[in-house]
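Please open the two chains in your viewer and keep the selection tool at hand. The tour below moves from one selection to the next and says what is to be found at each stop.

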Amino acid sequence: MEFDWSVIADAMPALLSGARLTILITVAGLVGGLIVGFVAGLMRAYGNAIVNGIAFAYVELIRGTPIVVQVMFIYFALPVLADIRVNPMTAAVVSIIVNAGAYIAEIVRGSFLSVHKGLKEAGLALGLPMWKVLVYIIGPVAFRRMIPPLGNQFIVSLKDTSLFIVIGVGELTRQGQEIMAANFRAVEIWSAVAILYLLMTGTLTLILRVTEKRMRIL
Amino acid sequence: MSIVEFRKVTKTFGPVVVLREVDLNIDAGEVVVLIGPSGSGKSTLLRCINALEEINGGDLVVDDISVRSGRSKVRLIRQEAGMVFQQFNLFPQMTALQNVAFGPQRVRGVAKAEAIEQAKALLAKVGLAERGHHYPSELSGGQQQRVAIARALAVKPKLMLFDEPTSALDPELRHEVLRVMRSLAEEGMTMIVVTHEMAFARQVGTRLIFMEDGKISVDGNPAELLANTTNPRLKEFLQHVH
Ligand SMILES: Nc1ncnc2c1ncn2[C@@H]1O[C@H](COP(=O)(O)OP(=O)(O)O)[C@@H](O)[C@H]1O
Ligand SMILES: [Mg+2]
């Protein structure tokens, strides 16, 4: 068989619009996931038994179920259960928020708790309230330690968006699938799709490398 | 007038009793040197003063505030009682200057420019005027500990607590920290110092306290006690530290 470049050229506009959607879902999902993850992670690290328990239940629920099941639940089961109707795009973003949030919570908890307890004591001993100790002393140290595992999670979440093919979101994998169904050029189409994913994850890796280099890891 | 007053203070960790009904008054201007075997409760006693450890019985009053009077009052106590740790515990993401300027800004609400000026003066005082822009990881242990002293002083405490400030240092770096502590004592700072530096106890201390098993067993003048104590266990302890 011969590799037909014109197939790729023809498919590119659709694939790029798919990639754009992939990026949009990833960015929106991760911004939300970071917020949820920070809140849940700090609840796990510093909350009382009840607060900690709530966050723990959330993390376990999400880590214990596949993301495909989560998005199916949000898209198909929520409307039945709670009369909440969502479009596929919203379901996709919410899935990433909820899913990444749980993993980020564990990253946040781990890196805050990994900071030597002497720093917390030194901050408290100056007369600071605990929240200032977290914001100004422990947070900045923990944040630097979070960058490598957060980078991993960002890449995982980006690739997880391909699963939203199951609810018909027109992201990159879905676009590839549709074009392939029409022209049967599997080799060209899936090569192009794979390379577009690699470009996106590669860019992300590069950004993380630079950030890591800029920040002294403490 | 007492600046620190222990009234039958008890401290337990689970089933372990670490302080047993300790009574102790410390007046402003005293330089109290606290010694005793490992595990006798010296660190715990010090950490109860600024409420890093919560007491379980009795009362402990620091600068007229009880450590049991709630979080915001406890923060006031901590502002009046600076602490220097064995492991320095400098904030690693900040330069020496930022470490020292941090407390006044975030605790006392001093403006940044003013806090920086004060921090420079304090670093000069501990002999580190040239090191302000260095991060803790770029400083020797002795330098880090002097920055830590400056950081505690920056909040303008009335009282300084030192928990084995030279124990983590190589012998040749200890004197630079002890020199700073001595000049602080000469300025009239009230100090409570857990240390094995007996020369410091003799020359700088105004009072020596020997702790054993959560209790104060000897309390007196350092020079006299070090020259001839009648307490056999203190005598034996001193033979081991020398
Ligand atoms: N956070 C803690 N939890 C449990 N036990 C502790 C804790 N801190 C200190 N202890 C115990 O309290 C006793 C006194 O400790 P400490 O005050 O550190 O003694 P010192 O400073 O005189 O060596 C020791 O038996 C120690 O094991
Ligand atoms: Mg100790």
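Begin by selecting strand β9 (residues 207-212) of chain B together with β10(B), which pair in the antiparallel sense over 5 bridges; strands here are DSSP runs of E of at least two residues, helices are runs of H or I of at least four residues, both numbered from the N terminus, and two strands count as paired if DSSP finds at least two bridges between them. Within this pair, Phe210(B) stands opposite Val218(B), the latter in β10(B).

Before going further, note that this is a predicted model, in which local features need pLDDT of at least 70 and side-chain atom pairs count only at pLDDT 80 or more, while totals for chains, interfaces and linings use all residues. Residues are numbered from 1 along each chain as its sequence is written, chains are lettered from A and ligands numbered from 1 in the order in which they are written, and side-chain values use heavy atoms, with hydrogens and water left out.

**The six-stranded sheet of chain B**

Now widen the selection to the open sheet that holds this pair, where 6 strands follow the order β6-β7-β8-β3-β9-β10 (chain B) with mixed pairing. At its edges are β6 (81-84) and β10 (215-220) of chain B, each of which pairs on one side only. From one strand to the next, the twist averages 20 degrees.

Within helix α6 of chain B, pick Leu173(B). Residues up to four places away in sequence aside, Leu173(B) touches Ser140(B), Gly141(B) and Gly142(B). The C-alpha atoms of Leu173(B) and Ser140(B) are 8.5 Å apart, although 33 residues separate the two along the chain.

**A loop residue**

Neighbours within four places in sequence aside, His134(B) is in contact with Thr95(B), Ala96(B) and Leu139(B).

**The four-stranded sheet of chain B**

Select strands β2-β1-β4-β5 (chain B), listed in the order in which these 4 strands form an open, antiparallel sheet. The edge strands are β2 and β5 (65-66) of chain B, each pairing on one side only. Strand β1 (residues 2-13) and strand β2 (residues 16-27) of chain B pair in the antiparallel sense over 8 bridges, and Thr12(B) has Val17(B) in β2(B) as its bridge partner. The two strands β1(B) and β2(B) form a hairpin with 2 residues between them, and Gly14(B) in the turn has a positive phi of about 60 degrees.

**Chain A and the interface**

Turn to chain A, which has 8 helices and 0 strands, and whose C-alpha trace spans about 70 × 45 × 20 Å along its principal axes.

Then select the contact between the chains, which takes 20 residues from chain A and 25 residues from chain B. The area buried between chain A and chain B is about 1,900 Å², of which carbon and sulfur atoms give 64%; buried area is the accessible area (1.4 Å probe) that two parts lose on being put together, summed over both.

Finish on Arg47(B) and Glu121(A), whose side chains meet in a salt bridge (2.8 Å, N to O), defined as a side-chain nitrogen of Lys or Arg within 4 Å of a carboxyl oxygen of Asp or Glu.

How values were computed:
Contact = heavy atoms within 4.5 Å. Axes fitted to C-alpha atoms, helices over the stretch in contact; angles between N-to-C directions.
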